[in-house]
Amino acid sequence: MGWPSTTLTGRTIAFLVAPFGVEQVELTSPWQAVAESGGVPRLLSTAPGRVQAVRRLALGEAFGEASGAAFGDTFGVDGSVAEADAEAFDGLVLPGGVAGSDLLRLDGPAVAFVRAWCAAGRPVAAIGHAAWTLIEADALRGRTLTSGPSLRTDLRNAGATWVDEEVHLCRDGPGPLVTSRDPADLPVFEDAFVTAFAHAAKRRGS
């Protein structure tokens, strides 16, 4: 039985993805974890409408990289990140996916949202290639985190310490940062970020 303090009841959690290329299970499984913990998940993107998810193929999994991908489902966007009010959310989840993460880090309003969010010390959870957006936001200097091994050099060049772990909770910075490597780590990733979000300060007015 979980501790009552790990509930997300009364908390709204933002999920930020590009219009194309988010790894589907890295969106849907954490989304379900938030909902089952009593939280309200909301999908933000760089454009209105629907986002197209992808699923990694077995070949890509075998080589530890997304060397192949198939289209997944589409998901309705709740709001544009350019117009989003950070004060409406209690936590930020950045799902991965090679193509989606690459697109997201090139979007100015998305990067600005993440930069301001992290600078304010608000809780963030990122999995897989989602760390690219944190790099672009210059939010990782002095932080310790994990990711897939292909991002190791990128993260070190951004001033971070890279570790090879299922999940890592970093508190050496403005706010808690929870990271994991890939879909295999989702169960521990979800437990860690739900707990971190539950213990973080709630947004003003909630």
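The model is predicted: local features need pLDDT of at least 70, side-chain atom pairs count only at pLDDT 80 or more, and totals for chains, interfaces and linings use all residues. Residues are numbered from 1 along each chain as its sequence is written, and side-chain values use heavy atoms, with hydrogens and water left out.

I begin with the sheet. Seven strands form an open sheet in the order S6-S3-S1-S7-S8-S12-S11, and the pairing is mixed. Strands here are DSSP runs of E of at least two residues, helices are runs of H or I of at least four, and both are numbered from the N terminus. Two strands count as paired if DSSP finds at least two bridges between them. Strand S6 (79-80) and strand S11 (167-170) each have a single partner strand, so one side of each has no neighbour in the sheet. Strand S1 (residues 12-16) pairs with strand S7 (residues 91-94) in the parallel sense, over 3 bridges. Within that pairing, Ala14 has Leu92 of S7 as its bridge partner.

Helix H4 (residues 108-119) packs on the sheet and touches S1, S3, S7 and S8, with its direction at about 135° to that of S7. Contact means heavy atoms within 4.5 Å. Axes are lines fitted to C-alpha atoms, for helices over the stretch in contact, and angles run from 0 to 180 degrees between N-to-C directions. Helix H1 (residues 24-36) lies across S1, strand S3 (40-45), S7 and strand S8 (124-127), running at about 150° to S3.

I turn next to a pocket. H4 also supplies the largest share of the lining of the second largest pocket, 3 residues. That lining comprises 18 residues, and Cys118, Ala119, Ala139, Arg143 and Pro174 lie nearest the centre of the pocket. A pocket is an open set of points on a 1 Å grid over the protein atoms alone, where a 1.4 Å probe fits, with protein on both sides within 12 Å along at least five of seven lines; lining residues have an atom within 4 Å of a point.

A salt bridge requires a side-chain nitrogen of Lys or Arg within 4 Å of a carboxyl oxygen of Asp or Glu. The structure holds 5 salt bridges.
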